[in-house]
Amino acid sequence: MKILVTGGSGFIGSNFVRHVLATHPDHAVVNLDKLTYAGNPENLRDVESDRRYRFVHGDICDAAAVRDAMAGADAVVHFAAESHVDKSNLGADEFLRTNVSGTFTLLDTARELKVGRFVQVSTDEVYGSIARGAAREADLLNPSNPYAASKAAGDLFARSYWTTHGLPVIITRSSNNFGPYQYPEKATPLFITNAIEDRPLPLYGDGRNVRDWLYVLDNCEAIDLVLHRGRDGEIYNIGGGTEVENAELTRRILRLLGKPESLIQPVRDRPGHDRRYALDSSRIHDLGWTPRHSFDAALEATVAWYRTHEAWWRPLKSGQFKAYYARQYSNR
Ligand code: NAD
Ligand code: TYD
């Protein structure tokens, strides 16, 4: 199978590309990535020499580049996105462009080229905050922040291409991922790396917001399963089944690193901060997936990875990241 992966140089995409090449000897991967601040060639340095892998530097909004990269592909797995909520709250132009217009360009090209499967990688954030119970795939979308709204719009376009044009689209909606190669703007890598540096861990609001944490390798296995055995036109929730309050996550990270809780710095809450995400994942369980990694073991492995990969993340926390960090956290 020849797969076009978009956003393969980002966090989940790079883990997925590595997973596919290691698991399927007969698969080839083309990675179309614009290399925004979140895309990093280092994430896939180890597979660059694999003849089944090809990197294409390009923008998913550029129809000609997309057509070239997609030519001959049996399937598309679409990760490329602007992915950070706080950034979308500061300005959402790029979110609209990449997550909506870019997704549309990919869908339209896939239709033209008659691609056999299109996996739209989406998020539990499209359901909005869930006070009780868990979101099911047929629930109404109720996004709270511009990032979530742009992902919901991408999902609706993807659905429409299945319903109207018969493009074999499948949507995955996963909960919060954590693991190796995550850009340190997101809570888990930010807190781990700040703790290693003995810097404060900025905890929003009362720290009692709940996320359902999913180890990135478990998500890659779920997406792989959906890619090969999912049903056309279906949506699959992918939840880790581990609901943890942010304050608890923060304390666990500090404990694993042997750092004091005094590093926790309560800061002003994120505007529109969703209180809780929760997914009903029975549909993907029925397809044969369940997370293989326990939250405790995966968090420990993740902390160990950042500890042993300072050369990967230290450069990312300089330059434009510093400017972002100052802007994002200065008035809190
Ligand atoms: P990321 O920010 O780490 O990586 C995004 C990648 O997309 C980068 O390599 C970037 O260079 C590339 N990209 C951005 N704009 C592009 C464009 N216009 N053209 C081509 N490439 C472009 O993101 P991630 O955390 O790996 O998330 C991947 C996908 O999974 C996203 O669609 C996101 O919405 C979804 N998702 C993420 C999580 C999570 O916890 N990280 C949870 C659920 C769903
Ligand atoms: P994040 O990793 O940004 O993912 P998402 O917004 O997609 O859930 O944030 C995870 C949780 O951690 C979320 O409730 C916001 C919170 N958070 C903080 O408390 N402080 C921070 O500095 C960041 C980035 C997030």
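Select Asp224 and His24 to start: their side chains are joined by a polar contact of 2.8 Å. A polar contact here is a pair of N or O atoms within 3.5 Å; within protein, one must be able to donate a hydrogen and the other to accept it, and residues adjacent in sequence count only if both atoms are side-chain atoms. Before you go on, know that this is a predicted model, where local features need pLDDT of at least 70, side-chain atom pairs count only at pLDDT 80 or more, and totals for chains, interfaces and linings use all residues. Residues are numbered from 1 along each chain as its sequence is written, chains are lettered from A and ligands numbered from 1 in the order in which they are written, and side-chain values use heavy atoms, with hydrogens and water left out.

**Stop 1: around Asp224**

Stay on Asp224 and colour its helix, α7 (residues 216-229). Helices (H or I, at least four residues) and strands (E, at least two) are DSSP runs, numbered from the N terminus. Is Asp224 buried or exposed? Its relative accessibility is 7%, so Asp224 counts as buried. The scale goes like this: buried means under 20% relative accessible area, exposed over 50%, and partly exposed in between (1.4 Å probe, protein chains only).

Now show what touches Asp224. Leaving aside neighbours within four places in sequence, Asp224 is in contact (heavy atoms within 4.5 Å) with Phe16, His19, Thr23 and His24. Then pick Val77: 147 residues separate Asp224 and Val77 in sequence, but their C-alpha atoms are 9.5 Å apart in space.

**Stop 2: ligand 1**

Next, click on ligand 1. How many residues surround ligand 1? There are 28, and the closest are Ile12, Asp33, Ser83, Tyr147 and Lys151. To be near, a residue needs one of its heavy atoms within 4 Å of the molecule or strand.

You'll find one 2.8 Å from a backbone N or O atom of Phe79. There is also an oxygen atom of ligand 1 at 2.8 Å from a polar backbone atom of Asn177. For Val121, the distance from a polar backbone atom to an oxygen atom of the ligand is 3.5 Å. Taken alone, ligand 1 exposes 830 Å², and the protein buries 97% of that. Those areas come from the Shrake-Rupley method with a 1.4 Å probe; for residues, only the protein chains shown count as cover.

Colour the shell by secondary structure. At least two shell residues each come from α1 (11-23), β5 (117-123) and α5 (146-165). Which element gives the most? That's β5, with 3 residues. Colour by class instead and you get 10 nonpolar, 14 polar and 4 charged residues. In this scheme Ala, Val, Leu, Ile, Met, Phe, Trp, Tyr, Cys and Pro count as nonpolar, Asp, Glu, Lys and Arg as charged, and the others, Gly among them, as polar.

**Stop 3: two serines**

Tyr147 was in that closest group, and its backbone nitrogen takes you to Ser88, where a polar side-chain atom lies 3.0 Å away. Ser88 sits in helix α3 (residues 85-90). With 2% relative accessibility, Ser88 counts as buried.

Now jump to Ser175, in the loop between β6 (169-174) and β7 (177-178). Ser175 is buried too, because its relative accessibility is 3%. Its side chain reaches the backbone oxygen of Asp212 at 2.7 Å. Beyond four places in sequence, the contacts of Ser175 include Asp124, Trp213, Ile238 and Leu279.

**Stop 4: salt bridges**

Finish with the charged side chains. A salt bridge is a side-chain nitrogen of Lys or Arg within 4 Å of a carboxyl oxygen of Asp or Glu, and the structure holds 31 of them.

- Select Arg45: it meets Glu42 at 2.7 Å, N to O, and forms another salt bridge with Glu48 at 2.8 Å.
- Select Glu185 and Lys87: their side chains meet in a salt bridge of 3.6 Å, N to O. This pair links distant parts of the chain, 98 residues apart: Glu185 is in the loop between β7 and α6 (187-196), Lys87 in helix α3. Glu185 is buried at 2%, whereas Lys87 is partly exposed at 22%.
- Select Glu197, Arg199, Glu310, Arg314 and Lys317: a network of salt bridges links them.
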